[in-house]
Amino acid sequence: SNPLHREVHQDMEQPLCHYFIASSHNTYLSGDQLLSQSRADMYARVLQAGCRCVEVDCWDGPDGEPVVHHGYTLTSKILFRDVAETINKYAFIKNEFPVILSIENHCSIQQQKKMAQYLKEIFGDKLDLSSVSTGDPRQLPSPQDLKGKILVKV
């Protein structure tokens with residue numbers, strides 16, 4: 001592949017909302033959205049391909065452990081913790097710009113607390129905990145400001 005294709009050719013100092021962001025829908029699925037396998041390694045694949053926003057559909061799982069799958073279907077379930085660990089490992093290998101976790105949350109408060117615990121434990125300092133007021137989008141940080149950071153959108 002051409003190394004020039006990996007270079008940034010635009011100003012990355014504008015507010016985040018000024019950019020188109022490569023996003024993945026149902027990231028965890030290896031095939032169709034009714035019957036296919038959910039796999040944590042799908043996150044590794046899309047992050048290394050340049051995706052910067054990944055979807056995580058979270059549901060209450062057994063033993064108090066939140067799981068990721070496509071709700072009300074026959075797709076298999078994977079542990080939220082495994083998904084977070086995979087994202088942590090692969091988020092910034094080929095690209096330093098921020099990664100957005102688009103969390104579709106169907107969990108009880110108890111399992112949401114477990115998810116928050118895993119996010120803090122697994123991502124550590126990479127997790128961006130600064131709150132953004134929804135008032136003025138021009139005040140959003142830039143991709144440059146957020147290099148190496150994981151953002152959570154719920």
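I looked up the sheet first. It is open, with five strands in the order β3-β2-β1-β4-β5 and mixed pairing. Strands here are DSSP E runs of at least two residues, helices H or I runs of at least four, numbered from the N terminus. Two strands pair if DSSP finds at least two bridges between them. β3 (78–79) and β5 (150–153) are the edges; each has a single partner strand, so one side of each lacks a neighbour in the sheet.

This is a predicted model: local features need pLDDT of at least 70, side-chain atom pairs count only at pLDDT 80 or more, and totals for chains, interfaces and linings use all residues. Residues are numbered from 1 along each chain as its sequence is written, and side-chain values use heavy atoms, without hydrogens and water.

Next I checked β4 (residues 99–105). Four bridges join β4 to β5, and the two run parallel. I found K153 in β5 as the bridge partner of S102.

Then I turned to the helices. α1 (residues 41–48) packs on the sheet and touches β1 (53–59), β2 (67–68) and β4, at about 160° to β1. Contact means heavy atoms within 4.5 Å. Angles run from 0 to 180 degrees between N-to-C directions, with axes fitted to C-alpha atoms, for helices over the stretch in contact. α3 (residues 109–123) lies across β1, β4 and β5, at about 165° to β4.

Which residues of α1 are buried? I listed M42, Y43, A44, V46 and L47. Buried means under 20% relative accessible area, exposed over 50%, partly exposed in between (1.4 Å probe, protein chains only). Their cover includes β1, β2, α2 (80–90) and β4.

Last, I checked L35, in the segment before α1. L35 counts as exposed, at 56% relative accessibility.
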